[in-house]
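This briefing is intended for a reader who is meeting the structure for the first time. Please keep the sequence and the model in view while reading the points below.

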Amino acid sequence: MAVSSESPQERIGVMLVGLGALASTLVAGVEAIVRGKARPIGSLTQLYRCNGDANNALLNEVLPMARLQNLEFAAWDIFPDSAYQSAVKAAVLKPDILESLRSRLEELKPFKAVVDDKNSRLLTGRHVKSGTRLEQSQELEREILAFKEARGLKRMVLVLCNSTEITQLMGEEAESIQNFENGLKNNIDTISASMIYAYVAIKLGMPVINCTPSQCLEVPALARFAEEKGVPVSGKDLKTGQTLLKTILAPGIKARYLGLTGWYSTNILGNRDGEVLDDPDASKTKINSKLSVLESILEPERHPELYRGFYHKVKIDYYPPRGDNKEAWDNVDIFGWMDYPMQIKVNFLCRDSILAAPLVLDLVLLIDLAARTGWKGVQNWLGFFFKSPLQSHQTKPIHDLFQQHGKLEEALKLLRKASPPATPKRVAVAASH
Ligand SMILES: NC(=O)c1ccc[n+]([C@@H]2O[C@H](COP(=O)([O-])OP(=O)(O)OC[C@H]3O[C@@H](n4cnc5c(N)ncnc54)[C@H](O)[C@@H]3O)[C@@H](O)[C@H]2O)c1
């Protein structure tokens, strides 16, 4: 199947669910890059050089990707703050860069959020839609269509970057789209806000990216609905910070045939995400997402002499003074030749949203390409970007970052084969720094 071509003027809607630290850092970063005030460091779509290409071409020169200047952002949030106010509160970016982008960021004001009672108890915001789940979903649909029309958008992508939700046991409403729609009518309380946003997007043919750990696109009714509607979806929970390092280190330990007796990980973070994660139910969703990676990389069932029964513990603590500047500590107990024990200590002082924002940009541009190529349902090749990669057709998720990168490169080659001839260079990568 061929990728549809991209004209220089085509505008793409990026509909952000949640306008918090991550979303505001993304919007500010894209604007700063377009104005030549910042560089897109951390973004594969902007910096990847194509292997074996005589001209050492950038990926965005050989694939017909949307241009950064043509991304049009909209958002929903339970707080009415504009992207500027939200970015100031999140305190990820320096005041001088925010001031220089202020008027543009102030233009982005969120629509009222879809809410569900179980998750809204975790936050105090009241910029919310009223009515039943069905009524909220109908209002959402009208908003999306009106935004598309008003901005003259060719295509749209929905990005879930709202607060982490509680994981709930679902009943028959999860089984088919008819049951799910009945659940909306009957206002069934296991249908979360994220699921309503995703449902409406899929119904309207918009690709969906779940940057959060919340249960949503893996609900069978929604996963099948995406297949039926021919819509690509991907998730979940962006791989930044501690899990990124874990999935870089663990394959190295395995490649050297070193053993592991335990891996203790703890984090402190003080942003709004951390505040929500202070709730044990929400924190369980996040910790489960972080725990799955080691078993899958080390395969203790294949290497029992090295990895049987290793102890893995993950903790997250809310600590307001740190804001978005998360700190993670890892203690890794390994053993080597003749069973001699050794330890690795990792202390990562990262900036969560600085690591996450380029991943969202990449996901938007790549899933848009997938949609234009006719790829539908869960996009396994985008697992590279996620802590808990969703998989289609019961395939096992891959967590090893290097294997994930290999899968991504295979898909990029297919996209390149399916693309029209290369276009001239379109994005200014270099900026004063
Ligand atoms: N920031 C990162 O680097 C990062 C990395 C990996 C994963 N994530 C995940 O992405 C999500 C967002 O992270 P963040 O750091 O921006 O958090 P944040 O708390 O700063 O932002 C989340 C925003 O979602 C809003 N919100 C809550 N419920 C909503 C609803 N029903 N509809 C619309 N908006 C709603 C909140 O008011 C808030 O503004 C979290 O789930 C987080 O776990 C973030």
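The points that follow treat the domains, the ligand shell, the sheet and selected residues in turn. The model is predicted: local features need pLDDT of at least 70, side-chain atom pairs count only at pLDDT 80 or more, and totals for chains, interfaces and linings use all residues. Residues are numbered from 1 along each chain as its sequence is written. The protein is assigned two parts, domain 1 (12–238 + 353–417) and domain 2 (241–349), and the ligand lies between them because both give residues to the shell around it.

**Domains**

- The bounds of domain 1 and domain 2 come from an automatic or database domain assignment.
- Between the C-alpha centres of domain 1 and domain 2 there are 26 Å.
- In the contact between the domains, 24 residues of domain 1 meet 24 residues of domain 2; two residues are in contact if their C-beta atoms, placed from the backbone, lie within 7 Å.
- On the side of domain 1 that touches domain 2, helix 16 and helix 17 (401–417) each supply at least two residues.
- That side of domain 1 comprises 12 nonpolar, 8 polar and 4 charged residues. Here Ala, Val, Leu, Ile, Met, Phe, Trp, Tyr, Cys and Pro count as nonpolar, Asp, Glu, Lys and Arg as charged, and the others, Gly among them, as polar.

**Shell around the ligand**

- There are 35 residues around the ligand, and Gly18, Gly20, Thr212, Arg272 and Ala356 come nearest. A residue is near a molecule if its C-beta atom, placed from the backbone, lies within 6 Å of it.
- Two or more residues of the shell come from each of helix 1 (21–34), strand 2 (71–77), helix 13 (272–277) and helix 16 (352–373).
- Helix 16 gives the largest share of the shell, 4 residues.
- By class, the shell holds 20 nonpolar, 10 polar and 5 charged residues.
- The helices (H or I, at least four residues) and strands (E, at least two) named in this briefing are DSSP runs, numbered from the N terminus.

**The sheet and its helices**

- An open sheet is formed by 7 strands in the order 3-2-1-4-5-6-11, with parallel pairing. Two strands pair if DSSP finds at least two bridges between them.
- Strand 3 (111–112) and strand 11 (377–378) are the edge strands, each pairing on one side only.
- Strand 4 (residues 155–160) and strand 5 (residues 208–210) run parallel and are joined by 3 bridges; Val159 stands opposite Ile209 in strand 5.
- Helix 10 (residues 193–203) packs on the sheet, where it touches strand 1 (12–17), strand 4 and strand 5, and its direction makes about 165° with that of strand 4. Axes are lines fitted to C-alpha atoms, for helices over the stretch in contact, and angles run from 0 to 180 degrees between N-to-C directions.
- Helix 16 also packs on the sheet, touching strand 1, strand 4, strand 5 and strand 6 (232–235), and its direction makes about 135° with that of strand 4.

- Leu415 is found in helix 17 and counts as buried because it has 22 C-beta neighbours inside 10 Å. A residue is buried if 20 or more other C-beta atoms lie within 10 Å of its own, exposed if 12 or fewer, and partly exposed in between, with C-beta atoms placed from the backbone.
- Apart from neighbours within four places in sequence, Leu415 is in contact with Val3, Leu63, Leu369 and Thr373.
- Leu415 and Pro64 are 351 residues apart along the chain, and their C-alpha atoms are separated by 9.5 Å.
- Ile287 belongs to helix 14 (residues 280–298) and is partly exposed, with 17 other C-beta atoms within 10 Å.
- Not counting residues up to four places away in sequence, Ile287 touches Val314 and Ile316.
- Ile287 and Ala66 are 221 residues apart in sequence and 35 Å apart in space, C-alpha to C-alpha.

**Backbone features in loops**

- The peptide bond from Gly235 to Lys236 is cis, with omega near -10°; Lys236 is in the loop between strand 6 and helix 12 (241–255).
- Glu299, in the loop between helix 14 and helix 15 (304–307), has a positive phi of about 50° although it is not a glycine. Glu299 is partly exposed, with 13 other C-beta atoms within 10 Å.
- Met338, in the loop between strand 9 (327–335) and strand 10 (341–349), is a residue other than glycine with a positive phi, near 60°. Met338 is exposed, with 5 other C-beta atoms within 10 Å.
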